[in-house]
Amino acid sequence: MRHAFRTPSIALLTLAFAICSQNVRAQNPQNPPASPQTPAQTQTPTKPQPRSPGGDVGSGAGDIGKGTGKGAGKAAEGVGKGAGDLVTLHPAEAAGNVGKGAGVAGKDVGVGAAKGTGKITKGTGRGIGKIFHHGHHEETPPSSNPQN
């Protein structure tokens, strides 16, 4: 099957997007620094923040890399076992081990690619969504009890 982009190109583009997303976030802090006139307030424990869009993209690229690495390891393991069986004059077992290694490798690469692509898609969609929906979540609904 032919692909428009090779895996290293996709990984490089993903990494560039993740780095750019982190830079944009660093330039627009959510919590401005406290002014020197206000007394120090006690911090209440807060919920952990959800992963940023750039974090989703980076995690997805990591999942693709892990799947590819794991698949390559399984393929090498199958080829190694097959070579050992071939040397000991067990050609049927050699073919079986090579085939098994290739099958497990294909599964690992496929699972890693699917998980990674899903995370990259989610992160990219959230990143684009932030561009188009900036500031809409901060609006408060009008009060139902107007004061005349």
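1. Start with helix H2 (residues 53-87): aspartate 63 and lysine 66 both sit in it, three residues apart, or about one turn of the helix. Helices here are DSSP runs of H or I with at least four residues, strands are runs of E with at least two, and both are numbered from the N terminus. The side chains of aspartate 63 and lysine 66 meet in a salt bridge, at 3.5 Å from N to O. By salt bridge I mean a side-chain nitrogen of Lys or Arg within 4 Å of a carboxyl oxygen of Asp or Glu. Aspartate 63 is buried at 8% relative accessibility, while lysine 66 is exposed at 57%. The cut-offs are under 20% relative accessible area for buried, over 50% for exposed and partly exposed in between (1.4 Å probe, protein chains only).

2. A word on what we're looking at: this is a predicted model, where local features need pLDDT of at least 70 and side-chain atom pairs count only at pLDDT 80 or more, though totals for chains, interfaces and linings use all residues. Residues are numbered from 1 along each chain as its sequence is written, and side-chain values use heavy atoms, with hydrogens and water left out.

3. H2 also holds lysine 81 and glutamate 77, four residues apart, again about one turn of the helix. Their side chains form a salt bridge at 3.5 Å, N to O. Lysine 81 is partly exposed at 46%, and glutamate 77 is partly exposed at 40%. Elsewhere, shared partners link the salt bridges of Arg51, Asp56 and Arg126 into one network.

4. Aspartate 56 is buried, with a relative accessible area of 4%, whereas arginine 51 is partly exposed at 43%. The structure has six salt bridges in total.

5. Now H3 (residues 91-132): its 42 residues reach 61 Å from first C-alpha to last, close to the 62 Å expected at 1.5 Å a residue. That expected span is 1.5 Å times one less than the number of residues. Have a look at the buried residues of H3, too: they include Gly101, Gly112, Gly116, Gly123 and Gly127, along with Asp108.

6. Overall, the protein has three helices and zero strands, so to speak an α-α-α pattern along the sequence. Of its 148 residues, 17% count as buried. Among contacts (heavy atoms within 4.5 Å) with a separation of 6 or more, residues 24 or more positions apart account for 81%.
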